[in-house]
Number of protein chains: 2
Amino acid sequence: MSARNAFYAQSGGVTAVINASACGLIETARRHRKRIGKVYAGRNGIIGALTEDLIDTSKENAAAIRALRHTPSGAFGSCRYKLKSFEKDPTEYERLIEVFKAHDIGYFFYNGGGDSADTCLKVSRLSERMGYPIVAVHIPKTVDNDLPITDNCPGFGSVAKYVAVSVREASFDVASMAKTSTKVFVLEVMGRHAGWIAAAGGLASTRDTAIPILILFPEIEFQQDRFLARVDEMVRRHGYCSVVVSEGVKGPDGKFLSDQGLRDAFGHAQLGGVAPVVANLVKQGLNLKFHWGVADYLQRAARHIASKIDVEQSYAMGKAAVELALGGRNAVMPTVVRKSNAPYRWSVGVAQLDKVANVEKMMPRDYITRDGFGITAKCRAYLEPLIRGEDYPPYRNGLPVYVRLQNAPVRKRLGEFRL
Amino acid sequence: MSARNAFYAQSGGVTAVINASACGLIETARRHRKRIGKVYAGRNGIIGALTEDLIDTSKENAAAIRALRHTPSGAFGSCRYKLKSFEKDPTEYERLIEVFKAHDIGYFFYNGGGDSADTCLKVSRLSERMGYPIVAVHIPKTVDNDLPITDNCPGFGSVAKYVAVSVREASFDVASMAKTSTKVFVLEVMGRHAGWIAAAGGLASTRDTAIPILILFPEIEFQQDRFLARVDEMVRRHGYCSVVVSEGVKGPDGKFLSDQGLRDAFGHAQLGGVAPVVANLVKQGLNLKFHWGVADYLQRAARHIASKIDVEQSYAMGKAAVELALGGRNAVMPTVVRKSNAPYRWSVGVAQLDKVANVEKMMPRDYITRDGFGITAKCRAYLEPLIRGEDYPPYRNGLPVYVRLQNAPVRKRLGEFRL
C-alpha cells in the first residue's frame, strides 16, 4: 500500500492547546512516512478544504512543529462554518471529494467540538456514499467540556486552571480591599450551555485556602432574591465574596441575563456582558461596592498558565488520531479515559463518532450543590486532576515565544469554488 | 539607643507584589533587632493605626514571611482612607501619636501611591510639629506607575507583563478566528489618568512577532472617526486587530467614555465598562464582529505571571526603606534608579517625600506615536526591561500556594477611636 496524504483542520473556537493536538498529529504522522505522505492543513479550517487552500506542513522544520505544543490559538486558522446537510445540498461534499482526489488525501482529521464532530461524521460517510476511500477521525477540542463519552475535552483543563488561578488571585485582592472599598468581585467566564468552566472557579477555594465564592451556572435558573441573599450572607460572614458567572446564565423568563443580540454562523447567541449586569444588581440590591471582570478570550488563549495534564492529553489525542487512522478506524474519535482519581491515571480510548456528534454533555446535577451556588465534592474530585501541573512556554525578553508557521500553500490543481 | 518598634501599613489598591515589599521590610528589620524591636502592621492600612488594630508580625515564622514574596494582594489588608488635613482637624494626627507612643513606635513605613505619599509626609512632620520622635519612610507601590522621581513603580512591571502577555495571547486567538468570525478584540485595562498600563499592551507586538494593535490612551482625546478609520485599515491589511483601551479614556467632551457614576473615598471616579462601549462602536461603525474583555483585578493580582524584575525591585524597596530609616532619613522614599537599558541595570536611590506627594507622572508625549494609537521606540526601550523574567510561585494540585498570615493582634492599650 503506497502512502496517501492526510488532511488536518482546526474548527470552531480555538484553545490554548489545540496546537498541541496538531503537534501530536504531525509528529506522529512523520514517524509513519510509509503510510502517510504529507500532512496538509486546511487554511482556516474546512474552508481551506473547500477552497483548495491547503498548507503544506512538510515545509515546517521539526523545531517549528515542536513549538506548536506550547503555542496557543489555531496555527492554521480556524473557522465557524457548518457544512450544509448532504441531502439538501451535496455540492460541498462533492467538492471535498474533488479536492481530496486532486491531492491524494486518504486521511481526514478534524479537530473541534460537537459541530465539527458532526461534520467529520458526514465526511466519514463519503467513503461509502460516494465511493471515495477515506478514513475520517475526529480529534476532540472544546473549552466548554461538553463532548460526550470522553472523560474531558482537551482545552478545558487549561481554561479551568486559568479560571481557578484567576479567581484565587482576585479573591485575595478583594479580601485586602474589603474593609473600605470593594466587597464583591464578579468574574464572567465562558460556557454557553454547560457550566463546566464556571464550576472551575470553585476550585480556587481549597481546604487550606478557603474563599467565599458563589457560582452562577447556566444549568440553574437565576433568581435575583436568592442570589442577593447569599451575597449578603457571604459578605456579612467573610467581609467579601467572589462571584463566578457563566455567560450562559438565564433568568426565570428563559432569557440570557445579557444578550448582545448577535448570532454566529451556527446560530448560537453571541454573549458577553453578564458580569456588569450581576454587579449592578449587587450594587442596587445591597449597596455594596463591586468590581467586575470579563475574561473572554484571555481565558482560552492563556497558554502561559496551561494545565500540564491538558497539554499532555491534547498531544495524546493528536497522536492517537493518527494511530487510529492507520488502524483503519473510520468515523471514530480518540477519548480520554479516567482510570482513577487518586492517583490520577488516564489512558486513551476510542468513541464511535455517531455517538459523539451533536450530543452535549451537561454538568450532572450532583456536581452542583443543592443550593445551586457551588460545586460538590464529587465535582471537585472530577475537576481537580484536570488542572494539575504547569507547562510553561519559553520566554524571550519577558514575553512567551509562540511560533508562527510559514504556512506555505500547496499548489492548486482545481478551479475556484464559491462558498 | 534601645530598640523601638516599627509600624508598617499597605495603602490603596493592592498589587501582585506589594507583599514582596512587606517581605523585604520585615526580613530586613529582623536582621536589625538591636535597633528595631517588632514590626507592627496596620490591619487594613492606616485604619489599623487609628483604631489601634495592630498586627504583631513577630508571631509569623520565617517561612511565612518568606512566602509573602510570592503572594499577591495585601497580606495585612489595605484601605482607601485619606487623613484629613492637619490644619482642618488635627484629631487623627493626635490619635496616631497616641497609638505610636502606646506601642513605642519609632518608625513609620507606608506602602502606597501618591495619596499615601502625602499621608506619609504628614506623619513625617509630626516629629517636629508634635514633638514626637518618629522616622517616616514611604515605600512606592502603584500599578499606575504615576509616581515621580522613581524610574518606575513596584507593581507596575507585573501588570505590564500581564497585559503584554494577555494581548499577545488574545491576538493569536483572534488571528485564528478572523476569517469567519471575530476580527476585533478589545481589552480594557486600568489606568485612571496615565496610560502606562495601556502602553504595555504595545509590548505584545515585537519584531519577531508583529501584531496589529491600537492603543487608546487617557492622554489622547478619543475621536471616534479617526479610531474607526484605523481599525478599518488594520483589519483590511492584517485581517484582524487588537485594541487596548485604558479605563480613563475621555471623549472630546472631556467625559470618560464610560463612567459608572461611583466615586471612591479619594473622590476618584470608579470606572469600568469602556471596552463594551468601544466594541459596540466598532460593530456599529464597521459592522465587524468583535469580542471584548475587562481584565480588572485579574491584571493587578496576577502573581502567577509577575515580572521577576518587579518582584526584585519591590523587595528591594522594602529593604531600602528599613535601611533609610535606620540611617535616620525622615520623609523620604526609596526609588528605582535606571543605570542603563542594554544591559538593563538599576540601583536603589532616594527621593524627598515632599517632591513625591501629590505629583502625578504622566506618559511623556514622545512615548506615544504621533497618530496617538501606539508606543514609540523610546517608550518600548523604557517599558521592556520592566517585564523581564518570570518568578513563578509554588503550586499544589494545580493552584498557586499563597500564604495567609495568622495576623495576630497586638493587645490594645488605649480606648476606642471613632473614624
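Author: Keep in mind that this is a predicted model.

Reader: How many residues of helix α5 of chain B are buried?

Author: The helix, residues 114-124, is mostly covered, with 11 of its 11 residues buried.

Reader: How do I describe two packed helices?

Author: Two values are used, the angle between the axes and the distance between them. In chain B, helix α1 (residues 18-30) and helix α12 (residues 308-326) have axes that come within 7 Å and cross at roughly 40 degrees. α1(B) and α12(B) are therefore oblique to each other. Their crossing is right-handed.

Reader: Which residues make the contact?

Author: From α1(B) they include B:A20, B:G24 and B:T28, and from α12(B) they include B:Y315, B:G318 and B:V322. The contact residues of the two helices divide into 11 nonpolar, five polar and two charged.

Reader: How many residues of chain A are in contact with chain B?

Author: On chain A there are 63, and they touch 63 residues of chain B. On the chain A side, α7 (156-177), β11 (290-294), α11 (297-301) and β15 (399-400) each supply at least two residues. α7(A) gives the most, with 13 residues.

Reader: What is the make-up of that side of chain A?

Author: Its residues divide into 29 nonpolar, 20 polar and 14 charged.

Technical notes. Residues numbered from 1 in each chain as written. Chains lettered and ligands numbered in written order. Predicted model: local features only at pLDDT ≥ 70, side-chain atom pairs only at ≥ 80, totals over all residues. Axes fitted to C-alpha atoms, helices over the stretch in contact; angles between N-to-C directions. Helix = DSSP H or I, 4+ residues; strand = E, 2+ residues; numbered from the N terminus. Parallel < 35°, antiparallel > 145°, perpendicular 65-115°, else oblique. Left-handed = near helix turned anticlockwise from the far one by under 90°. Contact = placed C-beta atoms within 7 Å. Nonpolar A, V, L, I, M, F, W, Y, C, P; charged D, E, K, R; others polar. Buried ≥ 20, exposed ≤ 12 C-beta atoms within 10 Å, placed from the backbone.
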